[in-house]
Amino acid sequence: MPELPEVETVRRSLAEHVAGRRIEAVYFFSPLAAGKKPGPVTRALTGRRILRLERKGKYLVFPLDQGWMTVHLRMTGKLLIDGPKTKWTRVEFAFDDGHALMFEDPRQFGRVVWSREYPADVAALGPDALGLDAAEFLARLAGRRGALKPLLLNQRIVCGIGNIYADEALHRAGIHPLSLAVKVSRARLLRLHEAVQEVLAEAVELGGSSISDYVDAEGRRGWFQTKHRVYGRTGEPCLACGTPIRRITVGQRGTHFCPRCQHR
DNA sequence: ACTAATGTTGTAGG
DNA sequence: GCCTACAACATTAG
């Protein structure tokens, strides 16, 4: 499930392969991957040169010599350089250096789109979570109603945090996922900011979390899943206090926390 | 064999 | 506008 650290790992592993390359051909094996009709997207992308590879939140943005290509991996999307063509390959790009890029996506939630102007959905995102300073983090949460975890997952407030890293950050900060944002002290929100920065930076360093079959553009797995303290550890002892990790549902999302370390 | 769960975003609704 | 519920989809665990 690619979140910020996984998408950043894909960006880093893919950038050198695509920066400066010309797209000679594009094949949409699944129209769904284009979001609508693949014809116009194919025509717009063919012959374009990729200037560089950027990331905002969970979006990969490819500035082109004309317009922008945006890729979102959603749940099961992968970008594989010279990857094999499989039954899950939805899009293939052929580059001018003889290499190819495969967009593989079993569940078909992922999208490859082209836009003439900078993509509106990316522009609408809140600031990227990685490297966000404490003052702005607090300002973005100020006046928000509701529980903290859904707010962390709201990409218009701050973007890049997904289910895994929300749970991990809340545990490190000692905050219950159902805590109302307005009732959490400034000191504890500052601690949350630090926990978010810490957990994202460590995850990027380890190449993200490969909890299902996530791999980077060169097929390498990430290792941050071995550092998870709550996510996917339901019933196992909290590494801080030994209390069994509990799993509840918050905003329709599986939520893992330690009932002792994270009080409301 | 059926059901629930998986996680992200857009959208529809209160 | 803000918040919540659900659909889109394919596979797997129970």
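A residue counts as buried when its relative accessible area is under 20%, as exposed when that area is over 50%, and as partly exposed in between, using a 1.4 Å probe on protein chains only. The model is predicted: local features need pLDDT of at least 70, side-chain atom pairs count only at pLDDT 80 or more, and totals for chains, interfaces and linings use all residues. Residues are numbered from 1 along each chain as its sequence is written, chains are lettered from A and ligands numbered from 1 in the order in which they are written, and side-chain values use heavy atoms, with hydrogens and water left out.

View 1. Helices (H or I, at least four residues) and strands (E, at least two) are DSSP runs numbered from the N terminus. Helix α4 spans residues 134–141, and its buried residues are F137, L138 and L141. They lie on the same side of α4 because they cover an arc of only 95 degrees around the axis, the arc being that of the directions from the helix axis to the C-beta atoms. An α-helix has 3.6 residues a turn, so residues three or four places apart point the same way. A135 and A139 are exposed on the other side of α4. The cover over the buried residues includes α5 (148–153) and α7 (186–205), where contact means heavy atoms within 4.5 Å.

**View 2. The ends of helix α4.** At the start of α4, the backbone nitrogen of A135 has a side-chain oxygen of D133 within 3.2 Å. A polar contact is a pair of N or O atoms within 3.5 Å; within protein, one must be able to donate a hydrogen and the other to accept it, and residues adjacent in sequence count only if both atoms are side-chain atoms. G143, with a positive phi near 75 degrees, follows α4.

View 3. A residue is near a strand if one of its heavy atoms lies within 4 Å of it. There are 16 residues around DNA strand B, of which M75, F109, Y231, R247 and R253 come nearest. Phosphate oxygens of DNA strand B lie 3.0 Å from a polar side-chain atom of Y59, 3.0 Å from one of H72 and 2.2 Å from one of R253.

**View 4. The surroundings of DNA strand C.** Among the residues surrounding DNA strand C are L32, W88, R107, Q108, R145 and Q252. An N or O atom in the side chain of Q108 is 3.2 Å from a phosphate oxygen of DNA strand C, and for R145 a backbone N or O atom lies 2.4 Å from a phosphate oxygen.

View 5. Strand β9 (residues 246–250) runs antiparallel to β10 and is joined to it by five bridges; two strands pair if DSSP finds at least two bridges between them. I248 has T255 in β10 as its bridge partner. Strand β10 (residues 253–257) is largely enclosed by the rest of the structure, because four of its five residues are buried. Two residues separate the strands of the hairpin, where G251 has a positive phi near 55 degrees. Q252 also lies in the loop between β9 and β10; this residue is not a glycine, yet its phi is positive, about 65 degrees. Q252 is exposed, with a relative accessible area of 73%.
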